[in-house]
Amino acid sequence: MLTTLTALAEPTRLRIVELLQSGPRYVGEIERLLVLTQPQVSKHLRVLRDAGLVESTANAQRRLYELRREPFVEMGEWLEGYRRSWEGHLDALAAHLEQSGDDP
């Protein structure tokens, strides 16, 4: 989980992941959309690949990158625990406020 969060903490890598949400993309397409050079994009994609967030396939001389589902499912499950905890706290607060009524 820490590897995933660390990789996504860098704004350019997060933008790449957001682009890949709509489907696989070639490196050249990512370059054009983010106005970055090929070495810059490749560096970020390598970090994302090493973190297990993306995978690539070769198509002639081009590489197609796509998101891997598993790390995002894991992150969703991790966040779900926090959401349940906060819902419990907010429910308790709402109950407390309801019991206290309008009294100061």
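Author: Two strands pair if DSSP finds at least two bridges between them. Strands (E, at least two residues) and helices (H or I, at least four) are DSSP runs, numbered from the N terminus. This is a predicted model: local features need pLDDT of at least 70, side-chain atom pairs count only at pLDDT 80 or more, and totals for chains, interfaces and linings use all residues. Residues are numbered from 1 along each chain as its sequence is written, and side-chain values use heavy atoms, with hydrogens and water left out.

Reader: Over how many bridges do β2 and β3 pair?
Author: The two strands form a hairpin, with two residues between them. In the turn, Ala-60 has a positive phi of about 60 degrees. Ala-58 faces Arg-63 in β3, and Val-54 stands opposite Leu-67 in β3. The pairing of β2 and β3 is antiparallel, and the bridges number six.

Reader: Which residue in β3 stands opposite Tyr-26?
Author: Strand β3 covers residues 62-67 and runs antiparallel to β1, joined by two bridges. Arg-25 stands opposite Tyr-65 in β3. For Tyr-26, the residue opposite is Leu-64.

Reader: Which are the edge strands?
Author: The open sheet has three strands in the order β1-β3-β2, with antiparallel pairing. An edge strand here pairs on one side only. That picks out β1 (25-26) and β2 (54-59).

Reader: How far apart do the C-alpha centres of domain 1 and domain 2 lie?
Author: The domain assignment, automatic or from a database, gives domain 1 as 1-68 and domain 2 as 69-104. Nine residues of domain 1 and seven residues of domain 2 take part in the contact (heavy atoms within 4.5 Å). The C-alpha centres are separated by 33 Å.

Reader: Which residues supply 67% of the area that domain 1 buries against domain 2?
Author: Buried area is the accessible area (1.4 Å probe) that two parts lose on being put together, summed over both. Between domain 1 and domain 2 it is about 740 Å², and carbon and sulfur atoms give 75% of that. Three residues of domain 1 supply the 67%, more than any other three: Met-1, Leu-5 and Arg-68.

Reader: With which residue does Arg-68 form a salt bridge?
Author: A salt bridge needs a side-chain nitrogen of Lys or Arg within 4 Å of a carboxyl oxygen of Asp or Glu. The count between domain 1 and domain 2 is one. For Arg-68, the closest N and O atoms are 3.2 Å apart, and the partner is Glu-70.

Reader: Which helix gives the most to the side of domain 1 that touches domain 2?
Author: This helix gives three residues and spans residues 2-8. The residues on that side of domain 1 divide into six nonpolar, two polar and one charged. The helix is α1.

Note on methods:
Nonpolar A, V, L, I, M, F, W, Y, C, P; charged D, E, K, R; others polar.
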